[in-house]
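Subject: The structure, and what turned up in it

Hello,

Here is the structure I promised to pass on. Have a look at it first, and then read on for what I found.

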Amino acid sequence: MLSDSSLLIYFLALGLPLLFIIRRHALSPRAQRPAVTTQTDEKKSLKTIMQPPRDDLDPPNYDPITLEELAQYDGSDESKPIYVSIKGDVFDVTRKRDVYGKGASYNIFAGKDGSRGLGKSSLQVEDAMPDYSTLPENEMKVLDDWHSFFTKRYNIVGRVTDMPEAVSQKLSATL
């Protein structure tokens with residue numbers, strides 16, 4: 001049987017560190033827990049980026065436009081609409097000025113045909129160009145998905161007439 005002094009030593013050896021930890025935890029400022037994100041929150045967040053298809057779009061208007069003319073609609077002039085071209089089809093994205101306007105995250109595609117960059121899922125300036133003829137099959141699928149997405153959400157207001165030769169051949173083969 002243990003003596004009273006031995007019990008006291010065991011208590012001090014085991015109990016004091018435990019009391020120290022409890023006291024430290026109770027007196028320390030509580031760390032902020034990260035907010036719990038629910039699936040509903042995630043859907044709301046995605047909704048701001050990926051709007052649902054629209055049912056109020058105008059019929060496509062394939063007015064001819066050159067790449068040089070298209071450059072005037074890059075979001076730098078607030079009085080002009082913002083256009084983005086994908087595979088030669090020109091979309092009016094003005095209502096999403098917060099995304100495509102000057103200094104916005106996707107402004108790299110405004111006022112040009114950036115098909116190659118969209119297919120590559122790239123935001124690099126050098127990739128935002130109209131020649132997508134060398135994209136591999138998986139990146140062509142991504143580009144086609146972007147074209148389909150835009151077609152369901154933005155009005156088509158023109159068609160680029162001076163696409164690179166390799167792309168023009170691809171386009172004429174699909175028409």
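Setting aside neighbours within four places in sequence, S85 is in contact with L70, V90, K112, D113, G114, S115 and V160, where contact means heavy atoms within 4.5 Å. With D113, the side chain of S85 makes a polar contact, side chain to side chain, at 2.6 Å. (A polar contact is a pair of N or O atoms within 3.5 Å; within protein, one must be able to donate a hydrogen and the other to accept it, and residues adjacent in sequence count only if both atoms are side-chain atoms.) S85 has 0% relative accessibility, so this serine counts as buried; the cut-offs are under 20% relative accessible area for buried, over 50% for exposed, and partly exposed in between, with a 1.4 Å probe and protein chains only.

Before going further, a word on the source. This is a predicted model, in which local features need pLDDT of at least 70 and side-chain atom pairs count only at pLDDT 80 or more, while totals for chains, interfaces and linings use all residues. Residues are numbered from 1 along each chain as its sequence is written, and side-chain values use heavy atoms, with hydrogens and water left out.

The predictor's confidence in each residue, pLDDT, runs from 0 to 100. The chain averages 83, and 69% of the residues score at least 70.

Now the overall layout. The chain has 7 helices and 4 strands, in the order α-α-β-α-β-β-α-α-α-β-α. These are DSSP runs numbered from the N terminus: helices are H or I with at least four residues, strands are E with at least two. Of the 175 residues, 30% count as buried. Among contacts with a separation of 6 or more, 63% are between residues 24 or more positions apart.

S85 belongs to strand β2. That strand (residues 83-86) runs antiparallel to β3 (residues 89-92), and 4 bridges join them; strands are said to pair if DSSP finds at least two bridges between them. The bridge partner of S85 in β3 is V90. On to the next pairing: β3 and β4 (residues 155-160) are also antiparallel, over 4 bridges, and D89 stands opposite R159 of β4.

Where does K87 lie? K87 is in the loop between β2 and β3, a hairpin with 2 residues between the strands. Its phi is near 55°, a positive value in a residue other than glycine. Most residues other than glycine have a negative phi. K87 counts as buried, at 19% relative accessibility. S121 also has a positive phi near 55°, and is found in the loop between α5 (115-120) and α6. At 57% relative accessibility, S121 counts as exposed.

Finally, the aromatic rings. The whole structure holds 10 aromatic pairs. Rings of Phe, Tyr and Trp (its six-membered ring) pair if their centres lie within 6.5 Å; planes under 30 degrees apart count as stacked, over 60 as edge-to-face and the rest as tilted. W146 and F149 form an edge-to-face pair, 5.8 Å centre to centre with 85° between the planes. Both lie in helix α6 (residues 137-151), 3 residues apart, about one turn of the helix. W146 is partly exposed at 24%, whereas F149 is buried at 10%. The rings of F150 and Y154 have centres 5.1 Å apart and planes at 45°, so that pair is tilted. F150 is buried at 1% relative accessibility, and Y154 is buried at 2%. Ring pairs link F91, Y100, Y106, F109, W146, F149, F150 and Y154 into a cluster.

One more ring to look at is Y73: K80 lies over its face, 5.9 Å from the ring centre. A charge sits over a ring if NZ of Lys or CZ of Arg is within 6 Å of the ring centre and within 35 degrees of the ring normal.
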